[in-house]
Amino acid sequence: MTAYWQEHSVEATVEEMMLDDDAQKIHELERDEILAMLPPLEGSRVLELAAGLGRFTGHIADAGAAAVVAVEFMPKFCEANAASSAGRPHVSVLCQDVTTLEQPVASHDLVFSNWLLMYLSDAEVSQLASDALRWLAPGGSLFFRESCFRQSGNTKRSFNPTHYRVPEAYTALFGGTTYGGFGFELVRSQSVQTYIEHKDNPGQICWLFTKTAHPVKLLAAPTPPAPVAGSIVSCGNVYVMNMQYGAGAYAARDIAAGEMVEQGIVRRLTNCDGNENPYVFTWSDDIPNTTWALGSGCATFYNTASEEEANTHMVRFFAEDRFEIHATKDIKEGDELLHVYKSKQWRTCFSDLAAQDE
Ligand SMILES: C[S@@+](CC[C@H](N)C(=O)[O-])C[C@H]1O[C@@H](n2cnc3c(N)ncnc32)[C@H](O)[C@@H]1O
């Protein structure tokens, strides 16, 4: 795709970049329509991907954005955008391929792109969807506009590697993207009216998504099946969900104080040092301990808390290699299940947690 854009960025004109002889007129007609689809920009941190000459960059910057990072991989387009952004200190132009871009987690309120994904492979679109979700702050927005079904411009091309996908492909891919307990919720998807009116082309389509908490239930079903008599592992009251900072265990129903939340078995491990590995259970009362075990069900995913905050307690039956976890308080469906890690103060892998208690 780099070769394609090298061929179409020689003069760095808007006609070349939009691949259309009528580009200037179309640009003026559609610009406000596109900008009107964006969420309020006042004070927001914006990441613009494939910014080209910057025909949206300046307008986004002037609409109250606190910071705009405009990414584009053709040097001539970047130079032109940087030149026209010179009087806007809150705009920075990064000359880089978006497929290798790295940005801090939750560092933007809007990720904006206009005609980018059609120049990426399916795998690259998928990767970019996860990246955008990661880079957005919770509640942030993702806007993109693509040519679907067919090309939009009238420029003759010696070769055309563009992917004119069907709109459902983008809706499904972004709608199914998750990261750290968050996903994309579709706010709207609509055709660009300018292209319908002036080019009889309804295939210029825009999407606006927001980043919202999106539970991913990994293990147990939310409606627990009745425990089977005699079962030695039962964890149907619990589900495990990916949250922003890793997995956690949650109550699948209301559980009264004193009730058994989960029971299970362990298998003792050889060649494993639980001082280093946080996912194994301390399987003796010795300090220092040398016996470590792997627990069944959801037990591994309960996070730790102080005595006051904890709502469960794990009873370990070392001789029988089994455990029971009981509710120490009334627990509501959806509450996170927390217990005090018995080894928090001395296992190397929990030193950060122990430091938080001090
Ligand atoms: C049709 S132009 C659109 C430019 C601008 N978004 C606009 O609407 O005016 C597509 C732009 O995507 C850029 N582009 C394509 N693939 C890219 C990539 N992997 N990384 C960065 N920029 C890319 C091209 O260089 C080009 O500037």
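Predicted model: local features only at pLDDT ≥ 70, side-chain atom pairs only at ≥ 80, totals over all residues.

Two residues are in contact if their C-beta atoms, placed from the backbone, lie within 7 Å of each other.

**The whole chain**

Buried residues account for 36% of the 358 residues. Of the contacts between residues at least 6 apart in sequence, 65% join residues at least 24 apart.

The domain assignment puts domain 1 at 2-213 and domain 2 at 238-357. Taken over C-alpha atoms, the centres of domain 1 and domain 2 are separated by 45 Å.

**The ligand**

Select the ligand and the residues around it. Which residues come nearest? They are A50, G52, F73, V98 and N114, out of 20 residues around the ligand. Colour the shell by residue type: 14 of its residues are nonpolar, three are polar and three are charged. Then show α2 (14-18) and β2 (67-72), each of which supplies at least two residues of the shell.

**F56**

Next, select F56, in the loop between β1 (45-49) and α4 (57-62). Is F56 buried or exposed? There are 22 other C-beta atoms within 10 Å of F56, and a residue with 20 or more is buried, so F56 is buried. Leaving aside neighbours within four places in sequence, F56 is in contact with E48 and N114. N114 was also listed among the residues that come nearest to the ligand. Draw a distance between the C-alpha atoms of F56 and N114: the two residues are 58 residues apart along the chain, and the separation is 8.8 Å.

Select E11 in the loop between α1 (2-7) and α2. E11 has 10 other C-beta atoms within 10 Å, and 12 or fewer makes a residue exposed, so E11 is exposed. From there, pick K76, which is 65 residues from E11 along the chain; their C-alpha atoms are separated by 8.0 Å.

Move to E28 in helix α3. With 11 other C-beta atoms within 10 Å, E28 is exposed. R55 is 27 residues from E28 in sequence, and the C-alpha to C-alpha distance is 9.8 Å.

A83 is exposed, with 11 other C-beta atoms within 10 Å. Its C-alpha atom is 9.8 Å from that of V93, ten residues away along the chain.

**Helix α6**

Select residues 122-135, which form helix α6. How many residues does α6 have, and what span should they give? At 1.5 Å a residue, its 14 residues should span 20 Å, and the end C-alpha atoms are 20 Å apart, which agrees. Show the side chains of V125, L128, A129, D131, A132, L133 and W135, which are buried. An α-helix has 3.6 residues a turn, so residues three or four places apart point the same way.

**Backbone details**

The remaining stops concern the backbone. Most residues other than glycine have a negative phi, and most peptide bonds are trans.

Select L19, in the loop between α2 and α3 (23-36). L19 is not a glycine, yet its phi is positive, about 55°. L19 counts as partly exposed because it has 19 C-beta neighbours inside 10 Å.

Then go to N271, in the loop between β11 (260-269) and β12. N271 is not a glycine either, and its phi is positive at about 55°. N271 counts as exposed, with 5 C-beta neighbours inside 10 Å.

Finish at P288, in the loop between β12 (281-282) and β13 (292-295). Where is the cis peptide bond at this stop? The bond runs from I287 to P288, and its omega is near 0°.

Methods: Residues numbered from 1 in each chain as written. Near = placed C-beta within 6 Å. Helix = DSSP H or I, 4+ residues; strand = E, 2+ residues; numbered from the N terminus. Nonpolar A, V, L, I, M, F, W, Y, C, P; charged D, E, K, R; others polar. Expected span 1.5 Å × (residues − 1). Domains from an automatic or database assignment.
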